[in-house]
Amino acid sequence: MTSPRYTRTAIALHWLIALALVGLFSVGLYMHDLPLSPQKLKIYSWHKWGGVTVFLLVLVRLAWRFGHRPPALPAAMPEWQKIAANGLHHVLYLLMIAIPLSGWLMSSAKGFQTVWFGVLPLPDLIGKDKELGEILEGVHSILNFSLAALVVAHAGAAIKHHLIEKDDVLTRMLPFLNKNR
Amino acid sequence: MNRFTLATLALLAAAGSAGAVEYSQVQANKSTLTFTSKQMGVPVDGKFGKFTTTLAFDPAKPAAASAKLELDLGSIDAGSKDANDEVVGKSWFNLKVFPTATFVSSAVRALGGDRYELVGKLTIKGKSQDVTAPLTFRQEGGNGVFDGGFTLKRLDFAIGEGAWSDVSTVANEVNIKFHVVAAPRK
């Protein structure tokens with residue numbers, strides 16, 4: 001019997017969102033210090049459109065996750081590691097929801113409504129408020145750096161499983177390895 | 001009760017003689033001048049803090065009415081600090097050379113009911129354009145209240161030159177709205 005892998009959908013969503021998050025995080029780091037220019041306005045819009053898109057993908061992913069239990073962790077894993085892995089996954093999901101929400105609210109507070117791809121306006125849940133906008137900017141930033149740190153831990157743990165425990169924790173999430181199926 | 005009745009009668013009398021009332025004492029603190037631009041398809045609101053309106057309007061003789069606006073462009077709030085720092089510069093308003101924008105009316109037409117049309121010359125950054133602004137007029141608490149607006153094309157006035165002339169980022173059309181409250185001449 002071969003050990004179970006994640007579903008193709010789960011694998012596709014995992015890597016798509018991972019790639020998008022790295023991209024959005026880098027763009028976010030780059031753009032916030034730019035001097036005002038048409039290019040800056042464009043990049044901000046792209047970042048916001050991307051954030052909304054990832055938010056929707058995360059919702060799809062969560063829905064999929066509720067309907068499809070992931071394969072169990074290796075039986076040999078110590079209990080504390082299972083709890084840590086489980087907790088980390090919960091926090092990652094939480095941040096993937098909280099980060100786009102904080103960006104959306106920050107945009108509203110700063111007086112720049114989010115209009116998805118320039119077509120679909122998202123309602124402003126809060127009014128323009130300069131101080132609140134600055135607070136939310138700080139929140140957005142802290143949440144992002146927390147996510148970045150946790151993603152590093154997440155990837156590090158996966159690599160450790162692969163290289164040290166030599167189990168399938170990493171490979172069962174890798175695409176294009178379907179020969180086990 | 002009596003006093004109230006008297007006040008009502010006085011008001012009615014004032015309203016009855018409204019034809020002879022010329023609104024000209026502009027209440028600067030009750031008047032606003034706002035605008036909405038579009039950045040990447042997103043409406044962004046802004047306003048001007050300092051402007052002087054001179055007007056004379058008698059609803060019975062709209063054709064004789066006149067209006068003049070002197071706008072201190074430095075009092076702009078374009079929606080964010082970044083934008084406020086940017087718009088005073090050369091490619092936008094070039095505030096050092098052109099600190100003031102003006103509007104001088106050439107005609108006021110009655111469109112029926114409480115609707116009027118204000119026609120005049122708008123000058124910004126040394127460039128003049130004829131503009132037509134529909135507006136409504138109503139009497140409120142003894143004052144005349146004018147609400148109207150129009151759309152200007154910023155590139156007609158060279159507002160946002162160079163890289164900023166790309167209208168796919170900041171739209172050419174800017175909606176201007178005015179709300180002017182004026183008391184009758186004493």
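Which residue takes a positive phi in the hairpin of β2(B) and β3(B)? In this hairpin, 2 residues lie between the strands, and Met40(B) has the positive phi, near 50°. The structure is a predicted model, in which local features need pLDDT of at least 70, side-chain atom pairs count only at pLDDT 80 or more, and totals for chains, interfaces and linings use all residues. Residues are numbered from 1 along each chain as its sequence is written, while chains are lettered from A and ligands numbered from 1 in the order in which they are written.

Helices (H or I, at least four residues) and strands (E, at least two) are DSSP runs, numbered from the N terminus. Strand β2 of chain B covers residues 32-39. Its covered face holds Leu33(B), Phe35(B), Ser37(B) and Gln39(B). Thr32(B), Thr34(B), Thr36(B) and Lys38(B) form the uncovered face. In a regular strand, side chains alternate between the two faces of the sheet.

Strands pair if DSSP finds at least two bridges between them. β2(B) pairs with β3(B) (residues 42-48) in the antiparallel sense, over 7 bridges. Here Asp45(B) is the bridge partner of Thr36(B). β2(B) also pairs with β11(B) (residues 173-184), again antiparallel, over 5 bridges. In β11(B), His179(B) stands opposite Thr32(B).

In chain A, helix α4 spans residues 130-165. The expected span of a helix is 1.5 Å times one less than its number of residues. The 36 residues of α4(A) should therefore span 52 Å, and the end C-alpha atoms are 51 Å apart, which agrees. Lys166(A) follows α4(A), with a positive phi near 55°.

Note on methods: A residue is buried if 20 or more other C-beta atoms lie within 10 Å of its own, exposed if 12 or fewer, and partly exposed in between; C-beta atoms are placed from the backbone.
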